[in-house]
Every structure is written in structure tokens, then in C-alpha cells.
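What follows is a guided reading of one protein model, moving from a single residue to the sheet and then to the helices packed around it. Please keep the sequence and the coordinates at hand while reading.

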Amino acid sequence: MRITVFGATGGIGGHVVRQALAAGEKVTAVVRTSSAFELEHPSLEVVRVPGLDAADPLREAIDGSTAVISGVGARGRKDGPVASRSTKSILAAMDAVGVRRFVAVSAAPLGPTPGDFLNKRVVWPMINAFAAEVYADLRVMEADIMGSGAEWTIVRPPKLNSKPLTGHYRTEVGGTVARGYLISRADVADLMLKSLSDPALVRRPVGVAY
């Protein structure tokens, strides 16, 4: 496959790029002109763009790809609607060049409320209150993705950490993983890549956690 990766300088996107290259895929990493990105590989193409707010500059990076993966998201509450703005541009660029498969990262609190007491009564209310702006942005992003013509998958992880890839985690298609509080960025990337070849995940959100 040829995979275009947005958010390639981020935690999840960086793992997507490295794991895809290790698996023998061709990768186009889209990074901002001002961002540092030093990875080199014979199967890697780096496309630099001034930003992700417009579709036209993104078309070249997507044209000819099998699929697009987005790890773009806000790094903090003050970043503004980063996910929704960039995703709107990515979807428009995909539509313009005829690429349909799209996998994006969101967050577990946008899925159904889990039934276990700790998540339902403590964790979910606390993080929704603390990061209300971030989740509002992700809700707009998810609505745009679901309303698009893309063959999408939305991956919803809980709290992220920087531990190594394990390849062992639980998933819940259309739901939220019960008693799932953590997952590494590397394992989220693993699921996003595996989603590309799983027809059962097309036009479905999927929860993931240990």
C-alpha cells in the first residue's frame, strides 16, 4: 500500500509512519513547513505544507495513495479546533483525488459511556469537564467524517502513554472497552494500520484499550 499520514510528527502519527515502513509499505508523511522531521527511508516521501486549513495544498500528498491515516489532534486545551479544521481539509482533498479509505484517531469519551463504575462515575465526568473544548472539537470532527463519502474508521483510545508496542489490546467495535483506562500510542498506531485491511471496521468507530 501507499499510505498518506497526517500528524506524522506527533506521538501516534510518528508510530504509524515507522510501523508502516517496517511492514514494507510506502509512506507519504505530511508535515508542516516549520516542523522538524528527520526520518529518512527509501520508501518514505515527506511533503511539507504551510498548514492543514486548506484542501488544495494537500491533494498532491494524497493523490495515488491507497489510504489516509490522520493522527492530528490538539496537544492542549488552548490549541483550538485543530482536529476538525484539519480533517475537513483532508476529507475535501481526498474527495478531489478519489481516495476513499480514511482512518482517524479520536478519543474514548466520544464513545458510549462504559458500564463499569470507575469510568462511568469518576473518570469520564472528570476528563469531560477538564478537556471540554478538546472533546467538542473531536465531536465536530467525527460528525464530519461520518457524514462524508469516505470509507472511514474512527479509533477511540483512552489515556495514552509512551510505552512500547505490544500488539495485545482489546477492541470494541461501535463501543467503549470496559475497564479500559490506558493504551500506548504505539498500540493505537498498530490498530490504525490493521484497520486498513479489515472490512468489518469500515464506517465504524472502534474503542481500544488494554
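Is Arg179 buried or exposed, judged by its relative accessible area? The model is a predicted one, and in it Arg179 has a relative accessible area of 53%, which is above the cut-off of 50% and therefore makes the residue exposed. Arg179 is found in the loop between β8 and β9, the latter strand covering residues 182-184, and its phi is positive, at about 55 degrees, although Arg179 is not a glycine. A positive phi is also found at Arg203, where the value is about 60 degrees and the residue is again not a glycine. Arg203 belongs to the loop between α6 and β10, and with a relative accessibility of 40% it counts as partly exposed.

From these loops we can turn to the sheet. Eight strands, in the order β3-β2-β1-β4-β5-β6-β10-β8, make up an open sheet whose pairing is mixed. The edges are taken by β3 (44-49) and β8 (170-173), each of which has a single partner strand, so one side of each remains without a neighbour in the sheet. On average, and with direction ignored, neighbouring strands of this sheet are turned by 20 degrees against each other. At one end of the strand order, β2 (residues 26-32) pairs with β3 in the parallel sense over 6 bridges, and Val31 stands opposite Arg48 in β3.

Helix α3, residues 82-97, lies across β1 (2-6), β4 (67-70) and β5 (101-105), and its direction runs at about 170 degrees to β5. Helix α6 also packs on the sheet, where it touches β1, β4, β5, β6 (151-156), β8 and β10 (204-209), while its direction makes about 165 degrees with that of β5.

How many of the residues of α6 are buried? The count is 9 of the 11, so α6 is largely enclosed by the rest of the structure.

The axes of α1 (residues 11-22) and α6 (residues 185-195) come within 8 Å and cross at roughly 55 degrees, which makes α1 oblique to α6. The crossing of these two helices is right-handed. On the α1 side, the residues that meet α6 are Gly11, Ile12, His15, Val16, Gln19 and Ala20, and on the α6 side they are Arg185, Ala186, Val188, Ala189, Asp190, Met192 and Leu193. Divided by class, the residues of this contact are 8 nonpolar, 3 polar and 2 charged.

The loop between α6 and β10 also contains Leu196, which counts as buried because its relative accessibility is 12%. Leaving aside neighbours within four places in sequence, Leu196 is in contact with Met1, Ile3, Ala67, Ile69, Arg101 and Val103. Leu196 and Gly10, in turn, are 186 residues apart in sequence and 20 Å apart in space, taken from C-alpha to C-alpha.

The last pair to consider is α3 with α5. Their axes come within 7 Å and cross at roughly 20 degrees, and the two helices are therefore roughly parallel to each other. The crossing in which α3 passes α5 is left-handed. Val82, Ala83, Ser84, Thr87, Lys88 and Leu91 of α3 meet Asp137, Leu138, Val140, Met141, Asp144 and Ile145 of α5, and by class this contact has 7 nonpolar, 2 polar and 3 charged residues.

Which residues does Asp144 contact, once its neighbours within four places in sequence are left aside? They are Lys88 and Leu91. Asp144 has its place in helix α5, residues 132-146, and counts as partly exposed, since its relative accessibility is 23%. Between Asp144 and Leu91 there are 8.6 Å in space, C-alpha to C-alpha, although the two are 53 residues apart in sequence.

Methods
Residues numbered from 1 in each chain as written. Predicted model: local features only at pLDDT ≥ 70, side-chain atom pairs only at ≥ 80, totals over all residues. Heavy atoms only, no water. Axes fitted to C-alpha atoms, helices over the stretch in contact; angles between N-to-C directions. Helix = DSSP H or I, 4+ residues; strand = E, 2+ residues; numbered from the N terminus. Parallel < 35°, antiparallel > 145°, perpendicular 65-115°, else oblique. Left-handed = near helix turned anticlockwise from the far one by under 90°. Contact = heavy atoms within 4.5 Å. Nonpolar A, V, L, I, M, F, W, Y, C, P; charged D, E, K, R; others polar. Pairing = 2+ DSSP bridges. Buried < 20%, exposed > 50% of the residue type's maximum accessible area, 1.4 Å probe, protein only.
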